[in-house]
Amino acid sequence: MTKTENCSVAGCEQPVVSSLNGEAVCRGHFITVCYTRLEQYKEMQKGHSLSVSDSESMRRFIHECVRQADKIEHGARDLDNLERARLLHIIEEANDLGRYLRRSARKAASV
């Protein structure tokens, strides 16, 4: 008999469905963390305060977030309509945010 792993958020007894930044999280906390981080990155982007390391961190998070949200959305059989809509919204928001990222850091050039 295997023991199900619980969410790594203190006090949460829900089963793990995903991993974000190395933290095992339940579906509810996955959605919350994604929305929080996407909002933070959106504000940083609006304020033009993205450093190269912030930009790379955002790119990694967006990739992981979209991949995991898609996996949860397609794999879970017990999703209600609200959770499914939130996961799809996360994918859409992350893709929109990623559209405005540079593919690589600026390089100095002289002409």
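Q: How much of the chain counts as buried?
A: In this predicted model, 32% of the 111 residues count as buried.

Q: And what's the makeup, how many helices and strands?
A: There are 3 helices and 2 strands. Going along the sequence, the order is β-β-α-α-α.

Q: What share of the contacts join residues at least 24 apart?
A: That's 51%, counted among contacts between residues at least 6 apart in sequence.

Q: OK, helices. How do α1 and α3 pack?
A: Helix α1 covers residues 27-46 and helix α3 covers residues 81-99; they pack at about 25°, and their axes are 10 Å apart.

Q: Now α2 against α3. What's the angle there?
A: Their axes cross at roughly 155° and come within 9 Å. That is over the 145 degrees needed, so α2 and α3 are roughly antiparallel to each other. Their crossing is left-handed.

Q: Who makes that contact?
A: On the α2 side it's Met58, Ile62, Cys65, Val66, Ala69, Asp70, Ile72 and Glu73. On the α3 side it's Arg84, Leu87, Leu88, Ile90, Ile91, Ala94, Asn95, Leu97 and Gly98. The residues of this α2 with α3 contact split into 12 nonpolar, 2 polar and 3 charged.

Q: One pair left. How do α1 and α2 cross?
A: At roughly 150°, with the axes coming within 11 Å. That makes α1 roughly antiparallel to α2. The crossing of α1 and α2 is left-handed.

Q: What does α1 put up against α2?
A: Arg27, Phe30, Val33, Cys34, Arg37, Leu38, Tyr41 and Met44. On α2, they meet Asp54, Ser57, Met58, Phe61, Cys65, Gln68, Ala69 and Ile72. The contact of α1 with α2 divides into 11 nonpolar, 2 polar and 3 charged residues.

Q: Let's go to α2 by itself. What should its 24 residues span, and what do they span?
A: Helix α2 runs over residues 52-75, and at 1.5 Å a residue it should span 34 Å. Its end C-alpha atoms are 34 Å apart, which agrees.

Q: What about α3, how far does it reach?
A: α3 has 19 residues and goes 27 Å from its first C-alpha to its last, close to the expected 27 Å.

Q: Which residues are buried in α2?
A: Ser55, Met58, Phe61, Ile62, Glu64, Cys65, Val66, Gln68, Ala69, Ile72 and Glu73.

Q: What do those pack against?
A: The buried residues of α2 pack against β1 (18-20), α1 and α3.

Q: And which ones are buried in α3?
A: Glu83, Leu87, Ile90, Ile91, Glu93, Ala94 and Leu97. What covers the buried residues of α3 includes α1 and α2.

Q: Back to Ser55. Why does it count as buried?
A: Ser55 comes in at 14% relative accessibility, and buried means under 20%, so Ser55 counts as buried.

Q: What does Ser55 touch?
A: Leaving out residues up to four places away in sequence, Ser55 touches Leu50 and Leu101.

Q: New topic, Cys26. Where is it?
A: Cys26 is in the loop between β2 (23-25) and α1.

Q: Buried or exposed?
A: Buried, because Cys26 has 5% relative accessibility.

Q: What does Cys26 touch?
A: With residues up to four places away in sequence not counted, Cys26 touches Cys7, Cys12, Gln14, Pro15, Val16 and Val17.

Q: And how many Å separate the C-alpha atoms of Cys26 and Ser8?
A: 8.2 Å, for two residues that are 18 apart along the chain.

Conventions:
Residues numbered from 1 in each chain as written. Predicted model: local features only at pLDDT ≥ 70, side-chain atom pairs only at ≥ 80, totals over all residues. Heavy atoms only, no water. Axes fitted to C-alpha atoms, helices over the stretch in contact; angles between N-to-C directions. Helix = DSSP H or I, 4+ residues; strand = E, 2+ residues; numbered from the N terminus. Expected span 1.5 Å × (residues − 1). Buried < 20%, exposed > 50% of the residue type's maximum accessible area, 1.4 Å probe, protein only. Contact = heavy atoms within 4.5 Å. Parallel < 35°, antiparallel > 145°, perpendicular 65-115°, else oblique. Left-handed = near helix turned anticlockwise from the far one by under 90°. Nonpolar A, V, L, I, M, F, W, Y, C, P; charged D, E, K, R; others polar.
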